Each structure stands twice: as C-alpha cells, then as structure tokens.
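Please look through the sequence and the structure below before reading on. The report that follows goes from single residues to the whole chain.

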Amino acid sequence: MMLSRAARPALKAGMAAAARPATLTATNAAGYATLREIEGRLKSIRNIEKITKTMKVVASTKLTRAQKAMHTSRTYGQTSNTLFDSAETKPIEGEGKKTLIVVCSSDKGLCGGIHSGMSRRVRKMLLEAPEADLAIVGEKCKAQLGRSNSKNVVVSFAGAGKDVPTFADASAIADQISLLPTDYASIQIVYNKFINASSYEATVQEAFSEEAISQSPQFSAFEIEDEVLPNLREYAFANSLFWALAEGHACEQSARQNAMDNASKNAGDMINKFQILYNRTRQAVITGELVEIITGAAASEG
C-alpha cells in the first residue's frame, strides 16, 4: 500500500507528460528551418519576377521611341551612302595606312549578349589589322575590349545609352574623333544592325576619309569645291555615327525586352518548383508531428 502511494506522483507526472504536445525534436527543427529557407527563397524569386516584368514593360515603351529615332537616322545615313555609291568611293588601301575602328555600344547591361557580339566582331577585325586604333562609345564594350586589346584604345566615351541618341550627340563624338592626332585612311564603324524585334547583327560601316572621297572616280560630277570637302566628310561621318548609335539603341531595347521576358519566365518556373518543394516539405513536417503525437498517445495508453 505504501509502495503504490509513493508511485502515484511518478505515474501522474508520466501521464501529464504524455498528454502534453510533443516537444520540438531535432528532425522537426530541421524541417522548420528548411521551410523558412524555402519560404525566403520564394519571396526573393517573386521579387525578382516583379522587377524583370517591370523592366520588360519599360523596355517595350522605350523600344517604340527607339524605333522611331532609328527610322529617322536611317534617312541621314542612307543619304550619305547614296552620294558615295554614286561617286564610287572606295577605302584607300596600302601599307602604312592607319585604320580607326569606332565601336558603338552603351553603358547599360541586362540586355543579353548584344555587347559581347560586337566585341567578338572587333577582335576578329583586330586579328586582321592588329595595329588599328579603337574609339569606343559606351562602357560595356570598353570593359570587354579593354581586357584583351587595351593597347589599341585611343579614346572612349561614357554616358551612352541613357536616352535615345540625337544628331547632336553623334556630332559631338565625331568632333572629338576628328581631333585625334592620327590621320586615318579608313574609319570603320561597328554597330548592331536592327533586323527585327528578336534579332540583330554586328555590322561594319565605312566612313570614308577626305582622300578617299576626293579620289572617287565619279566625284567630279558633283562639282564640290575643295574647301567644302572637309565639311562634307565631317557631316557624312556624323550622319553615319548617328545612324549607328540609333540603330544600336533600338537593338539594345529589343534585346533587353527579350532578356527580361526570358528572365520572368525562368523566375516563374523556379517559383512553381519551389512552391511544390515547400508544400511537400510542409506536408512532411506535419506528418512527422502527427506521427509523434500518435506515438505518444499510444505509449500513454499502454
């Protein structure tokens, strides 16, 4: 009798412990931690998806303006090309003739491989003409080409791509290039040619020197005086730059729109996968808790 009375408090304590909810075991703690990690990852991916969708809308709006500017700039550039085609103007070739390559990129990224394609094209050109100089518009191609061909860079321009290029911008760049001490026999402008809303191509356009223009077979038919020739050459060079910058800007906005669209789709796929993982992990944690509760109840009944 005395023994049973002494055992009662211990028995009551055991039954009370069995009736209480199961304590957080190491397995459950790991499950809760995993759930919090997945939930945090889901939140981050959803925020990224919102940003990429917003950037896609912004790029779509800017693309409309960029295409209008591109069509306007083509009028300038094609008019100059018509003159040189009629005059049968050709680049001057020969030993000792220095070439300048003008690369038209921008300062902004998040637009796919649009800048890398131009850099690859320029590197191929430098393999054929290793002594050529580089004038780079935009920080993106400057950074890429600066790592591999820094000795070729003679001048660079920052601040490109913030807005739709204007003829004033092209004229300012053309003026700075014309002040370079070297008398270049050939100036080649590398830019992205707009093909359609989903494709573009790195293209080279020739900007002829005064000597090349004056030696054109049919140039005399235009009856242009010698003192006007430098102005004609500078104006034609600015026209070509304006065309290249405007066309490259349109390509950039189109590429950014496509890149952000792909990023949004990838984010959506990741959200779906993590949501499934979250649901399965949460179900596993709940199942584990139920098993512990049932096990504790069965033990208390026994």
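Predicted model: local features only at pLDDT ≥ 70, side-chain atom pairs only at ≥ 80, totals over all residues.

Ile294 has its place in helix 7.

## A patch of negative charge

Helix 7, which covers residues 229-301, is also the place of Glu234. This residue belongs to a surface patch of negative charge, where Asp175, Asp183, Glu210 and Glu234 gather. Because the relative accessibility of Glu234 is 39%, Glu234 counts as partly exposed.

## Salt bridges

The structure holds 7 salt bridges, and three of them are described here through their partners. As a general point, side chains of opposite charge can pair when their charged atoms come close. Lys56 forms such a bridge with Asp261, and the closest N and O atoms of the two are 3.1 Å apart. Since Lys56 lies in helix 2 while Asp261 lies in helix 7, the pair ties together parts that are 205 residues apart in sequence. Lys56 itself, with a relative accessibility of 28%, counts as partly exposed.

Asp261 also forms a salt bridge with Lys265, where the closest N and O atoms are 3.6 Å apart. Both Lys265 and Asp261 lie in helix 7, separated by 4 residues, or about one turn of the helix. Through salt bridges that share partners, Lys56, Asp261 and Lys265 are joined into one network. A further salt bridge links Glu252 with Arg256, with the closest N and O atoms 2.9 Å apart, and these two residues also lie in helix 7, 4 residues apart, about one turn of the helix.

Ile48 is found in helix 2, which spans residues 26-87. Although Ile48 and Ala267 are 219 residues apart in sequence, their C-alpha atoms are 7.3 Å apart in space. The relative accessible area of Ile48 is 45%, so Ile48 is partly exposed.

## A buried serine and an exposed leucine

Ser119 is found in helix 3, made of residues 114-128. With a relative accessibility of 0%, Ser119 counts as buried, and, leaving aside residues up to four places away in sequence, Ser119 touches Cys141, Gln144 and Leu145.

Leu110 lies in the loop between strand 1 (99-104) and helix 3. Leu110 has a relative accessible area of 58% and is therefore exposed. Most residues other than glycine have a negative phi, whereas the phi of Leu110 is near 55°, a positive value.

## The chain as a whole

The secondary structure of the protein comes to 7 helices and 5 strands, and from the N terminus on these elements run in the order α-α-β-α-β-α-β-α-β-β-α-α. Among contacts between residues at least 6 apart in sequence, 79% join residues that are at least 24 apart.

Of the 302 residues of the protein, 39% count as buried. The protein exposes about 17400 Å², and carbon and sulfur atoms supply 55% of this area.

Key: Residues numbered from 1 in each chain as written. Heavy atoms only, no water. Patch = residues over 30% accessible without salt bridge, like charges linked within 9 Å, V, L, I, M, F, W, Y side chains within 5 Å. Areas by Shrake-Rupley, 256 points an atom, 1.4 Å probe, with all protein chains shown as cover. Salt bridge = Lys/Arg side-chain N within 4 Å of Asp/Glu carboxyl O. Lys, Arg positive; Asp, Glu negative; His and termini not counted. Charge placed at Lys NZ, Arg CZ, Asp CG, Glu CD. Buried < 20%, exposed > 50% of the residue type's maximum accessible area, 1.4 Å probe, protein only. Contact = heavy atoms within 4.5 Å.
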